Amino acid sequence: MHHTLVAVLLLQVAATPVAAGAVNIALPECKSKCGDVDIPYPFGIGDDCSRPGFKVNCHRLRSGAPDRLTLGAKDGPQVLEISVVNSTVRIHIPAVKQFSVNTSKKKLIQVVDGKPYAFSEAQNRLVHIGCGFTAQSWSPRRHGARRNCSSSCPADRDMAQLISRSGCDGIGCCNALMPSGVLAKFLSKFQWNNLTSITRNASLVVVEREWWSVKKNVKKLKEELLSGNTEFKVPAILDWSLDNSSSCDKAKQKPDYGCYANSECQSSTSNAKGYVCRCRNGYQGNPYVRDGCQSTTSPNNRSTGTYIAVGFGIGMCLLLVVLVIIYSIKKLKDQRAKKMREYFFKQNRGLLLQQLVDKDIAERMIFSLEELNKATNKFDEARILGGGGHGTVYKGILSNQHVVAIKKSKLVIQREIDGFINEVAILSQINHRNVVRLFGCCLETEVPLLVYEFISNGTLYAHIHVDTPVSLPWKDRLRIASEVASSLAYLHSEASISIVHRDIKTSNILLDDSLIAKVSDFGASRGISIDKSGVTTAIQGTYGYLDPEYFYTRRLTEKSDVYSFGVMLVELLTRKKPTIDISDGVSLVTHFIQLFFEDRLSEILDVQVIREGEEEAKQVATVAALCLQIKADDRPTMRQVETVLQGIQSSDDYFQCNPGVQGMGASNNTTFEGSNAVVHDNNSRRFSTEREMLLSATLPR
């Protein structure tokens with residue numbers, strides 16, 4: 001917002017009206033420019049556009065060349081610049097060569113035939129280049145001090161050495177101040193001494209003082225003139241004035257006076273006699289044309305400065321206001337955000353403390369929202385690892401470079417808040433190698449954020465259900481099943497309270513780089529006091545994994561996890577997803593049990609499992625069938641399941657040689673040695689129950 005406003009203000013300032021353009025420097029309908037040189041009156045092209053003596057010519061030397069302005073006729077000196085303020089004209093002139101050997105030869109140098117011009121004493125230098133002479137210059141109009149300089153060339157110096165010298169100090173070159181009052185008809189007298197062959201290169205030139213002050217120009221001039229280049233030209237300054245025979249008082253009486261309103265007459269102080277016009281103080285422009293002097297504080301100029309100043313002031317004020325507003329809004333947002341963080345922290349901490357056994361957890365495992373924002377790049381979608389029923393998981397990198405997984409709720413409802421608080425309370429009491437580790441939580445958001453160890457190798461579900469013929473090796477599947485059983489046995493019997501996970505499935509089993517199982521997602525977990533066998537609670541779970549007895553009775557026990565684990569074993573054995581075929585009411589579990597009872601397991605087992613460990617698979621299938629009993633009391637405990645799976649891992653003959661497997665259940669119905677009538681009766685009853693449950697279930701996720 002503030003960037004846009006600043007741009008608008010700058011446009012407003014840029015659009016501020018500027019002073020009206022200056023009055024034309026030339027007479028009406030007269031050309032005011034030639035090439036890149038301005039032509040101010042009294043100068044002009046033709047008699048009608050110039051004052052007498054100030055005629056100039058604009059022409060081209062050749063086709064395609066730029067226009068060139070000359071003083072007087074076409075063959076006059078080239079004009080580089082005309083200044084009305086300084087009453088000067090800058091021209092290009094050649095040097096004058098001296099070839100005579102007479103000791104007192106006068107040479108007339110005529111630059112332009114006209115009275116208005118004289119060489120500027122202040123802005124020019126007189127330069128003599130050559131050897132063996134003394135040069136003396138003066139003005140015949142003003143009998144003041146004469147300007148002398150002399151030059152010699154030592155016998156041991158050749159031309160190249162003379163040229164290479166950067167100065168002009170009497171060795172092959174000398175220079176002097178310009179004589180006063182020297183008109184463009186320049187007169188100079190030379191006296192020659194000790195003539196040598198180099199004397200024929202003796203030259204005289206008037207050169208602009210500023211140009212001559214540059215060392216490379218000095219060297220260039222010597223090089224050109226000593227080598228005999230008669231075409232080389234240098235800049236020089238001419239002073240000019242009006243009517244060199246009149247004073248200001250007399251000039252004012254004449255019809256061609258020439259100084260207009262807001263200007264004044266001044267006697268020329270330069271080499272050119274006569275008078276010049278100057279704009280009065282507070283005015284600027286060309287005093288030689290009507291209305292040429294304009295006030296520097298005219299309404300247009302005043303308004304320009306005023307508009308710019310006012311526009312700038314307003315712009316700065318508005319910019320300041322915008323910055324203050326932005327700062328205030330940010331400050332207000334920061335304060336509100338801080339208050340909300342404090343409110344949520346207080347609320348969530350209170351909820352957490354109600355459930356925590358170890359009250360110090362709220363102090364030891366708390367992360368700030370600022371730290372987690374930095375860790376996830378403000379929860380960038382590119383950092384999403386996955387999502388479950390209780391939130392989205394992001395990959396985060398803490399300030400200590402530790403990689404973590406951060407769970408954030410998708411929905412802001414009380415159930416999600418309770419679920420997150422519950423997960424903290426549950427995991428704070430768990431310390432098992434096969435349970436994902438909780439590092440801490442952030443309580444400054446409406447739904448707390450949980451920070452876990454980062455498990456890099458995805459879920460068991462992703463490893464099992466691939467589109468290739470070969471999936472996870474059977475040995476790894478068996479080991480992972482044993483590790484999950486170990487973690488569930490720990491949760492059920494060794495934590496401070498019995499913990500029922502309530503959502504055991506392959507997508508909640510994470511695998512690290514070594515394929516070690518890590519049980520995750522404890523948002524639906526529930527603690528049960530050791531003096532109780534179960535609790536009645538709302539139904540939570542996942543289609544296909546849910547304990548049917550828990551579904552009907554709403555009574556949750558550790559045996560509910562046993563059933564879900566049995567479904568997971570079937571998934572590992574068959575590489576099939578626990579889906580439901582509504583058309584005939586047969587689920588994966590129902591189909592598996594039917595084939596198991598009919599001794600047709602090979603029809604449903606994964607081909608890879610049969611190839612890599614068929615006998616072990618049959619033993620694990622028996623464990624799965626026991627876990628999938630309809631009645632919870634008929635199912636084994638997770639400790640019994642853990643023991644059997646570990647035995648299967650350690651010995652191929654364990655299942656046959658260990659009669660304890662026969663007694664894993666709590667009733668006789670858990671064995672498979674009864675009559676066929678009993679088996680079929682149980683199986684039929686199971687089909688009927690599952691069909692009724694699955695067709696009518698509308699379970700919350």
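**Notes on strand S24 and its surroundings**

1. Let's start with S24 and strand S26 (residues 449-453), which pair in the antiparallel sense over four bridges. Pairing here asks for at least two bridges found by DSSP between two strands. Strands are DSSP runs of E with at least two residues, helices are runs of H or I with at least four, and both are numbered from the N terminus. Across this pair, Lys407 sits opposite Leu450 in S26.

2. Before going on: this is a predicted model, where local features need pLDDT of at least 70, side-chain atom pairs count only at pLDDT 80 or more, and totals for chains, interfaces and linings use all residues. Residues are numbered from 1 along each chain as its sequence is written, and side-chain values use heavy atoms, with hydrogens and water left out.

3. S24 (residues 403-408) is also joined to strand S23 (residues 391-397), by six bridges, and these two run antiparallel. Here Tyr394 faces Ile406 in S24. S23 and S24 make a hairpin with five residues between them, and Gln401 in the turn has a positive phi of about 70°.

4. Now have a look at Thr445, in the loop between strand S25 (438-442) and S26. Is Thr445 buried or exposed? Thr445 counts as buried because its relative accessibility is 17%; the cut-offs are under 20% relative accessible area for buried, over 50% for exposed and partly exposed in between (1.4 Å probe, protein chains only). Leaving out residues up to four places away in sequence, Thr445 touches Phe344, Asn348 and Leu369, where contact means heavy atoms within 4.5 Å.
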